[in-house]
Structure formats: C-alpha cells, structure tokens
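Subject: A structure to look through, with notes

Dear colleague,

Here is the structure I promised to hand over, and my notes on it follow below. Please read them with the model open beside you.

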Amino acid sequence: MGLPGFDGKPLRTGRAAVNGTSLHYRTAGSGPAVVLLHGVPKTGYHWRHLLKRLTPHHTVVVPDLRGLGDSARPADGYDSVTMSEDVAELMARLGHERYAVAGEDWGAVIGYQLAARHPEHVLALVFAEALFPGFGFEEHTALTPENVSSGLHLWHLGFYFQPDVPEMLISGHERELITYMIKNERTHPDSATPDAIEEYVRTYSMPGGIRAMLSIYRAMLVDAEQNRQAARRKLDLPVLALGGSAFIGARNESQLRLMAHDVTGHVFEAGHDLAEEVPDEMADVMLPFLARSA
C-alpha cells in the first residue's frame, strides 16, 4: 500500500539483497538519515503518520523487517542480531554512513542491537514501547494478578513459542488475530484505521507471513542471550526512551538505563502503538532529540 511522502507524493520504494535475504524498503525526504523499524504484527506502514513530520528534516528509510511486510520470508535468521545486520547492510547499500535509528516493539530491540553492534554508524537511538528478552520480558508471560491488572500479561508469547499449533489455529483467522492484538493494546483503538488493518492482514496472510512472525517470537531465548552479551558494554550514544502510559510506560526508560549512559525518557497518554495513536506528539519529542544528535 502506498505511503505519502512529505510532498504528498508516494515514497520511493525498492528491494535490496542484504545479509542472505531481500528487504523491501521505502525512502523519502532530505537531511540527516534516520531508519524506522516497525514491530509485530505491523509493517513499515505503521510509520505513515510520522513521515510527513520527519521527511522535511530527514532522509527517512522505512524497511519491512525480515519475513514481514513485502520483504522476503527466509527459513531462518529471525533473532535480533541477524535482523539488525539486515538493516545495517541496507543502510550501507543506500549510502548512509551515519544515521539515527528509531524502533518500536520488536523493532526497538532490533534497533538496540544495531546501535550496540555498529556504534561507528549509529548516531542516536529512539526506543519505543518494547521489553527486552533477558531483562524481564519473560516474566510478563506469568499468570499473576500483577501482570493481569497492569495490562501486561503477555499470554501470547508462550502460545507463539510452541511449534506448529499456532499456525494450525491462526490459519484462516489472520484478520481476527491482528485486529484483536492491535486494538487491544491501544488506549485509542480507533487509531487502528481500516487501511492499516487491511495492509497488515494482506501481508501477514501471504505465504509464510504467520510463520515468519512466529519465528521472531521463537528466537526469544536467543535474543535474551544476545541482549545480555550486548549490555555488558553500555551504549555511549544518546537514547530517547518512549512509552505509552497504558502499556510499557516508564519501564522503557528504566530498561534503557541498564543499557546506555545517556537516556532521556518520555511517557505519552497512549497505549502500545505510539506512531499510530499519538504521531504528532511523538514527532514533537523526536524531532528536537534527532536535531541534537545529528
């Protein structure tokens, strides 16, 4: 589905062979580069509202992550380190030597790994609404009164981790699952607009779409060890940790203080999907941060 650029024209699109797979990406704008990494069950379309605010000031690159959106769906490579290397190679292929990274949900964890592994290229990190495997993420799968009452009982992680059964039950019900997951995690469920739902359902219903999504969750134990290894050395670059008050909230900042020296936090009155729920407010916080880091 086409996305508007800053001038009302569609973004430029392309495919790049990187790291043993092929990524679909969109790019537009001018100025210092920033790459936007989406989470699950979303695609690069998640960033559509933010683009009109970013592209007058930045060259923006919006990939569909490995296995998701219109990118290729290889059999393996769904751990966060491998997926971060996909993005590093994409940015090099597009000629961006130095750039900022903004990620949300799984894209934030991948963005962290990109920053940790390539500090010579990454200027700054925006980390939105994610929990780190290896640093408390797993505990939120437990059926406890605290998790249930806080809205952070992540029941689906264990379900997705089980091989074969989720594919059997989700097949033919992709629309129901995606609609439920996206709307249920938002303070503003109407921000999950029909065009976005259609785009997410289209891509996750394609051959291998659900399998690729589940593969990301099934790499969580690998991710946990990767994150523990990376956290042995704190990031030196500036980090902006963004949360939604009804979901992960200030925990984004507290996590990142374990991972980086220079962390600024901000919590919005929103749920889990900030770029679709409160895009203007998100841009108002991101733009000055990116300008200081350029």
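The second largest cavity is lined by Pro32, Ala33, His58, Ala100, Leu123, Leu290, Ser293 and Ala294; a cavity here is a set of points, on a 1 Å grid over the protein atoms alone, where a 1.4 Å probe fits but cannot get out, and lining residues have an atom within 4 Å of a point. This lining divides into six nonpolar, two polar and no charged residues, where Ala, Val, Leu, Ile, Met, Phe, Trp, Tyr, Cys and Pro count as nonpolar, Asp, Glu, Lys and Arg as charged, and the others, Gly among them, as polar. Its volume is about 50 Å³, a volume being the space filled by probe spheres set on the points, which are joined across faces, edges and corners.

Before going further, please note that this is a predicted model, in which local features need pLDDT of at least 70 and side-chain atom pairs count only at pLDDT 80 or more, while totals for chains, interfaces and linings use all residues. Residues are numbered from 1 along each chain as its sequence is written, and side-chain values use heavy atoms, with hydrogens and water left out.

Of the 19 residues that line the largest cavity, Asp105, Phe137, His156, Tyr217 and His272 lie nearest its centre. Helix H3 (106-117) and helix H5 (156-161) are the elements that give two or more residues to this lining, which divides into 14 nonpolar, two polar and three charged residues.

As for the fold, the protein chain has 13 helices and eight strands, these being DSSP runs numbered from the N terminus (helices H or I, at least four residues; strands E, at least two).

Finally, the C-alpha atoms of the protein chain fill a box of roughly 45 × 35 × 35 Å, taken along the principal axes.

With best wishes

Key
1 Å grid on protein atoms, 1.4 Å probe; cavity = no way out; pocket = protein on both sides within 12 Å on 5 of 7 lines; lining within 4 Å.
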